[in-house]
Amino acid sequence: MKDKIIVITGASAGIGAAIARKAAAEGARVVLAARREKELSEVAAACGPDALAVITDVTVRSDVESLARQAVERFRRVDVWINNAGRGITRAPSEITDDDLDMMMRDNVKSALYGMQAILPHFKERNAGQILNVSSMLGRIPFFALRAAYSASKHALNALTAGLRAELRHTFPGIVVTTVSPGVVATEFGLNAVHGGVDSRSMPGAQSVDEVADVVIDAIRNPQIDVYTRPVYADNVRRYYDDMDAFERASFVGPK
């Protein structure tokens with residue numbers, strides 16, 4: 001990790017902030033992006049004097065392009081780009097509106113696409129670099145009905161991630177494209193979801209942000225393309241696609 005240049009979106013709190021702190025502690029130089037200036041500055045201060053904080057709205061393509069430019073201008077290169085920013089929603093599939101779905105695609109899919117496209121020319125010039133998209137277990141198994149629109153956006157993100165990997169595999173084999181799928185993480189994600197939601201910090205089995213960040217750091221140190229933040233999650237995905245009906249009957253959660 002020493003001297004790696006790592007860009008992290010959604011870095012003002014939660015998983016993004018934890019990744020930033022851990023990477024900086026191991027000698028990486030971090031570029032931190034988020035909308036909240038005060039919180040972002042606090043995370044940057046905790047990451048040391050080399051950290052660069054860039055106020056960024058990742059749903060605006062020009063903001064993301066500016067983030068990439070500033071990172072390269074400051075450090076002369078970028079080694080890892082982490083698309084971590086995102087947002088949840090709490091609404092049953094039968095009640096999802098056009099605005100709900102548009103928002104999820106904008107916040108969770110287009111934002112990451114902007115990041116991938118903004119940094120890709122730089123990575124292609126060097127035939128080196130890693131794009132790491134933070135997805136969700138709900139992007140593999142849509143087991144919670146009230147998160148259906150969020151789950152749909154993460155399925156879309158996974159498809160774009162895999163598609164980019166396929167596009168680059170033979171022409172730019174030095175570029176790694178990674179999906180990371182956490183489960184429930186103990187953050188304010190649930191409370192901040194559109195239409196409200198359960199506090200993720202109170203949910204049984206929720207992972208700490210540090211546990212997730214450790215997995216992400218390992219996926220950078222030892223590049224991988226498909227990463228689950230607990231081994232049982234990969235097992236559950238295999239079980240789901242092996243017998244979808246049985247898995248849904250035993251595990252799916254409907255509106256309450």
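Trainee: In this predicted model, what share of the contacts between residues at least 6 apart in sequence join residues at least 24 apart?

Mentor: That share is 64%. A pair counts as a contact when heavy atoms sit within 4.5 Å.

Trainee: What makes the protein as compact as a globular protein of its length?

Mentor: Start with the parts: there are 9 helices and 7 strands. The radius of gyration is 18 Å, and the globule rule gives 18 Å for 256 residues, so the protein comes out as compact as a globular one of that length. For the box, think roughly 50 × 45 × 35 Å along the principal axes, filled by the C-alpha atoms.

Trainee: And how much of the protein is buried?

Mentor: Buried residues are 48% of the 256.

Trainee: Let's zoom in. Why is Thr-229 called buried?

Mentor: The cut-off for buried is under 20% relative accessible area. Thr-229 has 4%, so it is buried. You'll find Thr-229 in the loop between β7 (226-228) and α8 (231-242).

Trainee: Which residues does Thr-229 touch, leaving out those up to four places away in sequence?

Mentor: Among them are Val-180, Ser-181, Pro-182 and Gly-183, plus Glu-211, Val-212 and Val-215. Gln-207 is also one of the residues Thr-229 touches.

Trainee: How do you know that the side chains of Thr-229 and Gln-207 make a polar contact?

Mentor: The limit for the N or O pair is 3.5 Å. The side chains of Thr-229 and Gln-207 are joined at 2.6 Å, so that's a polar contact.

Note on methods: Residues numbered from 1 in each chain as written. Predicted model: local features only at pLDDT ≥ 70, side-chain atom pairs only at ≥ 80, totals over all residues. Heavy atoms only, no water. Helix = DSSP H or I, 4+ residues; strand = E, 2+ residues; numbered from the N terminus. Rg over C-alpha atoms; globule rule 2.2 N^0.38 Å. Buried < 20%, exposed > 50% of the residue type's maximum accessible area, 1.4 Å probe, protein only. Polar contact = N/O pair within 3.5 Å; in protein donor to acceptor, adjacent residues only side chain to side chain.
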